Amino acid sequence: MFERFTKDARAVVKGAVERAEGTQARTVGAEHLLLALLDREGGRASFALAALGADERKESVRRALEEARRRAGLSRAEADALAELGIDVREIVARVEETHGVGAMSGDRKDRDRWSGCPGFGKDAKEVLEKALRVALARRERHIGDEHILLALTLRPGVPAEVLADHGVTHESLTRVLAGPGEACA
């Protein structure tokens with residue numbers, strides 16, 4: 001599948017791996033793909049993000065992803081569902097961080113034994129990359145670009161899609177921005 005990736009898409013995947021390594025994560029997650037997309041300039045995804053105003057709110061997106069990581073990767077919808085069952089995720093995070101330090105639930109391994117392997121791709125990241133292929137095929141495009149990864153992130157339920165939607169980036173808005181003159185929206 002990677003042979004179909006454009007230079008920009010390959011750079012996003014490489015950036016996601018670097019992001020995961022930087023936090024000493026054992027796996028590359030969908031949030032690492034989003035962070036790598038935010039770091040890129042000059043690709044179709046960065047053009048789309050800028051057109052939707054998300055380019056100006058990159059720091060807000062990063063903070064929202066960090067907050068979700070502190071909640072052990074739970075989306076707001078998942079935290080709300082737990083609240084309906086009487087489980088206050090914010091309270092749990094506060095208590096765990098009070099005892100074990102800020103970010104204890106984030107999965108960062110700074111205090112653990114040094115691990116020196118390349119992170120593998122987690123289930124969520126694999127699903128995003130597979131969905132990017134399907135998005136490209138549905139648009140009748142032969143290559144997978146960084147814009148297909150961004151579109152796939154908006155289609156897969158979870159923290160990255162939630163954070164993007166909170167910042168005005170939805171599948172529908174991206175499709176409109178990425179559709180060239182005379183193209184039908186997919």
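Good morning. I begin with E127, which is partly exposed, with a relative accessible area of 27%. The model in which we see this residue is a predicted one. The side chain of E127 meets that of R156 in a salt bridge, at 2.7 Å from N to O. This pair links distant parts of the chain, since E127 sits in helix α7 while R156 belongs to the loop between α8 and α9, 29 residues apart. R156, for its part, is buried, with a relative accessible area of 19%. The cut-off matters here: R156 counts as buried because its value lies under 20%.

Let me now turn to the chain as a whole. The protein chain has 10 helices and two strands. Read from the N terminus, the elements follow the order α-β-α-α-α-α-α-β-α-α-α-α. Of its 186 residues, 42% count as buried. The chain exposes about 10400 Å², and carbon and sulfur atoms supply 50% of that area. As for contacts between residues at least 6 apart in sequence, 66% of them join residues at least 24 apart.

What lies in the interior? In general, nonpolar side chains in soluble globular proteins tend to be buried together. In this model, the largest nonpolar core holds 42 residues, and I149 and L153 touch the most other members. Helices α1, α2, α3, α4, α7, α8, α9 and α10 each supply at least two residues of this core. The largest share, seven residues, comes from α2. Setting aside residues up to four places away in sequence, L153 touches A30, L33, L34, L37, V128, P160, A161 and L164.

Which residues does D39 meet in salt bridges? One partner is R19, with the closest N and O atoms 3.0 Å apart. R19 counts as partly exposed, at 28% relative accessibility. Another partner is R62, at 2.7 Å from N to O. R62 lies in helix α4 and D39 in helix α2, so this second pair ties together parts that are 23 residues apart in sequence. With E59 included, R19, D39 and R62 are linked in a network of salt bridges. In the whole model, the count of salt bridges comes to 11.

S173 counts as buried because its relative accessibility is 6%. The side chain of S173 reaches the backbone nitrogen of T170 at 2.9 Å. Beyond residues up to four places away in sequence, S173 touches L52 and G168.

T170 itself is placed in the loop between α9 and α10. Is T170 buried or partly exposed? T170 is partly exposed, with a relative accessible area of 29%. With residues up to four places away in sequence again left aside, T170 touches T154 and A165. T170 and L155 are 15 residues apart in sequence and 8.3 Å apart in space, from C-alpha to C-alpha.

Two residues in loops call for a remark on backbone geometry. Most residues other than glycine have a negative phi. Q24, although not a glycine, has a positive phi of about 60 degrees. Q24 is found in the loop between α1 and β1, and counts as buried at 17% relative accessibility. R140 is likewise not a glycine and has a positive phi of about 60 degrees. R140 is found in the loop between α7 and α8, and is exposed, with a relative accessible area of 76%.

I close at the surface. L85, I87 and I92 form a nonpolar patch there, with about 280 Å² of accessible area together. L85 lies in the loop between α5 and α6, and counts as exposed because its relative accessibility is 68%. Thank you for your attention.

Note on methods
Residues numbered from 1 in each chain as written. Predicted model: local features only at pLDDT ≥ 70, side-chain atom pairs only at ≥ 80, totals over all residues. Heavy atoms only, no water. Patch = residues over 30% accessible without salt bridge, like charges linked within 9 Å, V, L, I, M, F, W, Y side chains within 5 Å. Areas by Shrake-Rupley, 256 points an atom, 1.4 Å probe, with all protein chains shown as cover. Salt bridge = Lys/Arg side-chain N within 4 Å of Asp/Glu carboxyl O. Helix = DSSP H or I, 4+ residues; strand = E, 2+ residues; numbered from the N terminus. Buried < 20%, exposed > 50% of the residue type's maximum accessible area, 1.4 Å probe, protein only. Contact = heavy atoms within 4.5 Å. Polar contact = N/O pair within 3.5 Å; in protein donor to acceptor, adjacent residues only side chain to side chain. Core = buried A, V, L, I, M, F, W, Y, C linked by side-chain atoms within 4.5 Å.
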